[in-house]
Amino acid sequence: MKIGLSTYSLDGEISSGRMTLGEVLDWIAANGGDCAELVPFAYQFEENGVIDHERIRETVRRAKDAGVELVNYSVLADLCKTGEDFEREVQRLCMHVDIAAELGLPRMRHDVCAFRRPHGENTLKDFERWLPVIIEGAQRICAYGEKRGVMTMIENHGFFCNGMDRVERILDGVHSANYGLLLDTGNIVCVDEDPSVASQRLARRTAMVHLKDFYIRKRDPGDTTLFDCGGHWFRSSAGRFLRGAILAQGDLDIWEILGALKSAGYDGNIAIEFEGLEDAKYASLVSLQNARRIWEEV
């Protein structure tokens, strides 16, 4: 089991030009991270469908030189489409499988729906309507991933394909040993479910973990948006107010969450995600230290 950081946690450093992706990998290794997840938001490995092979080679080299293992590649996606739009999205994600394979990554998480879907379109009726389409797309990408040696994964992300029951419906529908779950222990509160219960229930199906923390408030603290990953407050499905926090400094019980995973026998990789207001390098360092300490305590 390795504990590391998602490069998403330091996205602001990359997009501002203060750090390069290579420097982020160096930083993770220098600050106690065993592994890194690659999330191409502030950087890309392709442009307009053309893969940047040189950037991939450079990233692999920098990770190897730093001594940090690359363990996952996460991309946004939306399979809730029809006709040619659906086909284009499946083919685009197969291209990202090619990128993951070239990076030497064993896993790739791709979303199955837009995580910013309007709240009114996240109903159970909507989910049942799109479920067969989601399953078909995920099956095709999963089968392609198997040929390339890459396991594909769903993450409980956003408000539509999130929650224990919906995630398991998708996993059961795809029904492949090459399709797993990236369990985000923070995102589960976006749909007002208990992260410790989710960790216990879904551990056997989990191929990787995103570990994050949130502040949770029942009353409006101000500066609230509909949905925000940049540190401002946003609302859960039931209307609670959420904001990203440094791991173990927010309102989630990280001891109980990691204890549930450990007691269930989880021994896969853990990547920390930070999306709060604090300085990202400080927050990521404290989060890494807390994750390791708490895992040893529980």
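1. Two strands count as paired if DSSP finds at least two bridges between them. Strands (E, at least two residues) and helices (H or I, at least four) are DSSP runs, numbered from the N terminus. With that in hand, look at Phe234: it stands opposite Leu242 in strand 12.

2. A quick word on the model. This is a predicted model, where local features need pLDDT of at least 70 and side-chain atom pairs count only at pLDDT 80 or more, while totals for chains, interfaces and linings use all residues. Residues are numbered from 1 along each chain as its sequence is written, and side-chain values use heavy atoms, leaving out hydrogens and water.

3. Back to the sheet. Strand 11 pairs with strand 12 (residues 241-245) over two bridges, in the antiparallel sense. Together, three strands make an open, antiparallel sheet in the order 10-12-11. Strand 10 (213-217) and strand 11 (234-235) are the edges with a single partner strand each, so one side of each has no neighbour in the sheet.

4. Now zoom out: the protein chain has nine helices and 13 strands. Its radius of gyration (over C-alpha atoms) is 18 Å, close to the 19 Å from the globule rule (2.2 Å times the number of residues to the power 0.38) for 298 residues, so the chain is as compact as a globular protein of that length.

5. What share of the 298 residues counts as buried? The figure is 57%, with buried meaning under 20% relative accessible area (1.4 Å probe, protein chains only).

Note on methods
Buried < 20%, exposed > 50% of the residue type's maximum accessible area, 1.4 Å probe, protein only.
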